[in-house]
Structures are given as C-alpha cells and as structure tokens.
Amino acid sequence: QVQLVESGGGLVQPGGSLRLSCTTSRITFSISAMGWGRQAPGKERELVAGITKRGTTNYGDSVKGRFTVSRDNAKNTMYLQMNSLKPEDTAVYYCRMWSESGYYDYWGQGTQVTVSS
C-alpha cells in the first residue's frame, strides 16, 4: 500500500500556467525514480516527464520547452511546472514512483488539468 497524492490541477486559459505537486509519506522517495504521465479520454497514457534519483530528466516531445520537472527529496515532493498551456494538454495527470531496478512501480489517482478553448 503506497499513497501518492497529486495536487495543483484545475481549469486554465490557453497560454496560462499551472504547477502540479506530488507527495508521499514513503521513505523510499529519495531513492526512487519519479515522473508524470497523462491520459486524455480515448487516448493511451503517455509520458509527460521523468526524473531519476540522480536528477536526470526526460520529457515527452509534446511538452519539451514548456514543462519542467523537479524534486525536493527533503520534502518528499515532486513538481511539474507547466507553462504556455494548450488545449491539447487537457488530461488527467498521474504521479509515478518506481525503482530503477524494476522492483516496484506505483501510480497516484491523478489530478485533472483542463485548458479551455
């Protein structure tokens, strides 16, 4: 039983910004890889951003240059700063925590991000 809690979603205008947060009480946070995925109705879940325990980041092609992922191990928190939002960014955003060895892989329940047209 692992709890990952996302916050910061909401409704914004095109071109606006949001900052998502993901927190956990698990002591394994600092040694886990973290990331964000998203899923829109009728579409498969896709990578948004990832960050390893060493701080290496990667991004999906559609968000490069607009989104930034970061982590604060002292607070057991991961962030996703989203700028220049587009209607195509509308989706449920999920927090992910996994071991790079493949021993575990957990997902949060998600937070809705809606960019109005």
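Is Ser-21 buried or exposed? Ser-21 is buried, with a relative accessible area of 16%. The cut-off for buried is under 20%, so 16% falls on the buried side. I will come back to this residue after the overall picture. Please keep in mind throughout that this is a predicted model.

The protein has zero helices and eleven strands. Read along the sequence, the pattern is therefore β-β-β-β-β-β-β-β-β-β-β. The C-alpha atoms fill a box of roughly 40 × 25 × 25 Å along the principal axes. For 117 residues, a compact globule would have a radius of gyration near 13 Å, and the protein, at 14 Å, agrees with that. Of the 117 residues, 42% are buried. As for contacts, take those with a separation of 6 or more: residues 24 or more positions apart account for 55% of them.

Next, the core. The largest nonpolar core has 27 residues. Which residues have the most contacts inside it? They are Trp-36, Leu-80, Met-82 and Tyr-93. The elements that give two or more residues to this core are strand 3, strand 4 (33–39), strand 5 (46–51), strand 7 (67–72), strand 8 (77–82), strand 9 and strand 11 (111–115). Strand 9 gives the most, with four residues.

Met-82 is worth a look for its neighbours. Setting aside residues up to four places away in sequence, Met-82 touches Gly-16, Ser-17, Leu-18, Leu-20, Arg-66, Phe-67, Tyr-93 and Val-113. Tyr-93, in that list, is also one of the residues with the most contacts inside the core.

Back to Ser-21, which is in strand 3. Leaving out its neighbours within four places in sequence, Ser-21 is in contact with Val-5, Glu-6, Ser-7, Trp-36, Thr-77, Met-78 and Tyr-79. Trp-36 in that list is another of the residues with the most contacts inside the core.

Now the disulfide. The count comes to one, and it is formed by Cys-22 and Cys-95, with the sulfur atoms 1.9 Å apart. What does this link tie together? Cys-22 lies in strand 3 (residues 18–24) and Cys-95 in strand 9, so the pair joins parts that are 73 residues apart in sequence. The link is left-handed, with -75° about the S-S bond. Cys-22 counts as buried at 0% relative accessibility, and Cys-95 is buried at 0% as well.

On to the aromatic rings. A pair of rings is described by the distance of the centres and the angle of the planes. There are two aromatic pairs. Tyr-103 and Tyr-104 form an edge-to-face pair, at 6.4 Å centre to centre and 85° between the planes. Tyr-104 and Tyr-106 form a stacked pair, at 5.5 Å centre to centre and 20° between the planes. These ring pairs link Tyr-103, Tyr-104 and Tyr-106 into a cluster.

How exposed is each member? Tyr-103 is exposed, with a relative accessible area of 73%. Tyr-104 counts as buried at 15%. Tyr-106 is partly exposed, at 30%. The cut-offs are under 20% for buried and over 50% for exposed, so the 30% of Tyr-106 lies in between.

Two arginines also sit over rings. Arg-19 lies over the face of Tyr-79, at 4.0 Å from the ring centre. Tyr-79 is also one of the contacts of Ser-21. The charged end of Arg-71 sits over the ring of Phe-29, 4.8 Å from its centre.

Last, a loop residue. Where is Ser-101 placed? Ser-101 is in the loop between strand 9 (91–98) and strand 10 (105–107). Ser-101 is exposed, with a relative accessible area of 66%, whereas Ser-21 is buried. Ser-101 and Lys-53 are 48 residues apart in sequence and 12 Å apart in space, C-alpha to C-alpha.

How values were computed: Residues are numbered from 1 along each chain as its sequence is written. This is a predicted model: local features need pLDDT of at least 70, side-chain atom pairs count only at pLDDT 80 or more; totals for chains, interfaces and linings use all residues. Side-chain values use heavy atoms; hydrogens and water are left out. Buried means under 20% relative accessible area, exposed over 50%, partly exposed in between (1.4 Å probe, protein chains only). A disulfide is a pair of cysteine sulfur atoms within 2.5 Å. Rings of Phe, Tyr and Trp (its six-membered ring) pair if their centres lie within 6.5 Å; planes under 30 degrees apart count as stacked, over 60 as edge-to-face and the rest as tilted. A charge sits over a ring if NZ of Lys or CZ of Arg is within 6 Å of the ring centre and within 35 degrees of the ring normal. A nonpolar core is a set of buried Ala, Val, Leu, Ile, Met, Phe, Trp, Tyr and Cys residues joined through side-chain atoms within 4.5 Å. Contact means heavy atoms within 4.5 Å. The radius of gyration is taken over C-alpha atoms; the globule rule is 2.2 Å times the number of residues to the power 0.38.
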